[in-house]
Amino acid sequence: MVEVTVTPQSSLADRPVQIRVRGLSPSQLVTLRAWLKDEQGERFQSRAFFRADGAGEVDPGLHAALGGSYSGVWPMGLLWFLQPDTLFRRLVKRDVAGSPFRVRLEVLDGLSLGADPKEPLLASCEAERWYVGPGVQRVPVRQGRVRGALFLPP
């Protein structure tokens, strides 16, 4: 049985996570796809192609991506290379304190290039990426022409 995991499952957006796929056949070609929808419903996604090692595992921090949104060893590549489905959109988190981005990670058999893969998923999981830690207080700042936010630790 194929399993994909993200450790930790819930983390701050600037913290590294470990993505790992287990239960594949040795040397199996797979596509790892990450996607999320922003607060306006716009989808951002990335994908990378991997060949499982002799134990049937894929770890983007150890194994090089063979292509897709990036190539080479990038432990956080699936999250760093998210691109919009609609051109000229930017991934911006507006409600930084109220909710996380929920990133869906999927494993597909073979090389999948389509925006909406027709192939059945081998495995999937979800990770939360928060922009403000627990207990942090956000204080709006308005002084003259200056606009911003002050984030106070707990």
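Helices and strands here are DSSP runs, at least four residues long for a helix (H or I) and at least two for a strand (E), numbered from the N terminus. Bear in mind that this is a predicted model.

**Stop 1: the whole chain.** Show the chain as a cartoon and follow the elements from the N terminus: they run β-β-β-β-β-β-α-β-β-β-β-β. That makes 1 helix and 11 strands. Now turn the model around: the C-alpha atoms fill a box of roughly 60 × 35 × 25 Å along the principal axes. How much of the chain counts as buried? Of its 154 residues, 38% do. Among contacts with a separation of 6 or more, 54% join residues 24 or more positions apart.

**Stop 2: arginine 129.** Next, select strand β9, residues 121-130, and pick out arginine 129 within it.

What does the side chain of arginine 129 meet instead? Select serine 11: its side chain makes a polar contact with that of arginine 129, at 2.7 Å. Then show the backbone of arginine 15, whose oxygen lies 3.0 Å from a polar atom of the arginine 129 side chain. Leaving out residues up to four places away in sequence, arginine 129 also touches others, including Leu12, Val17, Met76, Pro100 and Phe101.

**Stop 3: the largest pocket.** Rolling a probe the size of a water molecule over the atoms shows where empty space is left. The largest pocket holds about 160 Å³ of space.

**Stop 4: proline 134.** Finally, select proline 134, in the loop between β9 and β10 (137-143). Is this proline buried or exposed? Proline 134 counts as exposed because its relative accessible area is 77%, and the cut-off for exposed is over 50%. To end the tour, select leucine 12 too: the C-alpha atoms of leucine 12 and proline 134 are 9.8 Å apart in space, while the two residues are 122 residues apart in sequence.

Note on methods. Residues are numbered from 1 along each chain as its sequence is written. This is a predicted model: local features need pLDDT of at least 70, side-chain atom pairs count only at pLDDT 80 or more; totals for chains, interfaces and linings use all residues. Side-chain values use heavy atoms; hydrogens and water are left out. A polar contact is a pair of N or O atoms within 3.5 Å; within protein, one must be able to donate a hydrogen and the other to accept it, and residues adjacent in sequence count only if both atoms are side-chain atoms. Contact means heavy atoms within 4.5 Å. On a 1 Å grid over the protein atoms alone, a cavity is a set of points where a 1.4 Å probe fits but cannot get out, and a pocket is an open set with protein on both sides within 12 Å along at least five of seven lines; lining residues have an atom within 4 Å of a point. Grid points are joined across faces, edges and corners, and a volume is the space filled by probe spheres set on the points. Buried means under 20% relative accessible area, exposed over 50%, partly exposed in between (1.4 Å probe, protein chains only).
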